[in-house]
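This report describes one protein chain.

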Amino acid sequence: MHLFPWDKADHFASFFAITTAAIVSFPRQPLWRIALVVSAAGGGIELVQALPIVGRDCDVRDWIADNIAIGAVLGLVLCARARWWLAAGESP
């Protein structure tokens with residue numbers, strides 16, 4: 001089942017949602033740690049797909065799409081935080 005006609009867009013959307021959920025679920029964790037864990041999970045999924053018994057293809061471009069989504073969420077969160085800091089008159 002695909003949300004989009006392009007597999008990489010599916011990966012982007014999925015990891016955008018996963019990263020957003022992780023940030024909301026673990027607000028006290030630093031963003032870099034959340035990004036690292038979610039990225040490692042994406043890489044792990046690709047490694048498992050490389051196993052012959054799984055019957056799927058491992059594609060590093062899928063992991064790249066996952067990481068672009070992670071970066072997009074982090075960028076949005078950092079922009080929102082910077083805006084909040086500026087509005088509050090604080091420095092980041």
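S39 sits in helix α2; helices here are DSSP runs of H or I with at least four residues, strands are E runs of at least two, and both are numbered from the N terminus. The model is a predicted one, in which local features need pLDDT of at least 70, side-chain atom pairs count only at pLDDT 80 or more, and totals for chains, interfaces and linings use all residues. Residue numbers start from 1 along each chain as its sequence is written, and side-chain values use heavy atoms, with hydrogens and water left out.

**Burial and contacts**

S39 counts as buried because its relative accessibility is 12%. The classes are buried for under 20% relative accessible area, exposed for over 50%, and partly exposed in between, with a 1.4 Å probe and protein chains only. Leaving aside neighbours within four places in sequence, S39 is in contact with W63, N67 and I70; contact means heavy atoms within 4.5 Å.

I70 belongs to helix α3. With 3% relative accessibility, I70 is classed as buried. Not counting residues up to four places away in sequence, I70 touches F15, T19, A35, V38 and S39.

I64 is also placed in helix α3, but I64 is partly exposed, at a relative accessible area of 44%. P27 lies in the loop between α1 and α2 and is exposed, with 60% relative accessibility.

**Distances between selected residues**

| Pair | Separation in sequence | C-alpha distance |
|---|---|---|
| I70 and V38 | 32 residues | 7.8 Å |
| S39 and T19 | 20 residues | 9.2 Å |
| P27 and A13 | 14 residues | 21 Å |
| I64 and P27 | 37 residues | 25 Å |

**The nonpolar core**

A nonpolar core is a set of buried Ala, Val, Leu, Ile, Met, Phe, Trp, Tyr and Cys residues joined through side-chain atoms within 4.5 Å. The largest one in this model holds 12 residues: F15, A22, I23, L31, I34, A35, V38, A69, I70, V73, L74 and V77. Two or more of these residues come from each of α1 (7–25), α2 (31–49) and α3 (60–88). Helix α3 gives the most, with five residues. One of the core members is V77, which is in contact with I23 and L31 when its neighbours within four places in sequence are left aside. In soluble globular proteins, nonpolar side chains tend to be buried together.

**The chain as a whole**

The chain has three helices and zero strands, and read along the sequence the pattern is α-α-α. Its C-alpha trace spans about 55 × 25 × 20 Å along the principal axes. The radius of gyration is 16 Å, whereas a compact globule of 92 residues would have one near 12 Å. That radius is taken over C-alpha atoms, and the globule rule is 2.2 Å times the number of residues to the power 0.38.

Of the 92 residues in the chain, 27% are buried. Among contacts between residues at least 6 apart in sequence, 59% join residues at least 24 apart. The accessible surface comes to about 6,600 Å², and 70% of this belongs to carbon and sulfur atoms. Accessible areas come from the Shrake-Rupley method with a 1.4 Å probe; for residues, only the protein chains shown count as cover.

The chain carries 7 positive and 8 negative charges, and their mean positions are 11 Å apart. Lys and Arg count as positive and Asp and Glu as negative, while His and the chain ends are not counted. The place of a charge is NZ of Lys, CZ of Arg, CG of Asp or CD of Glu.
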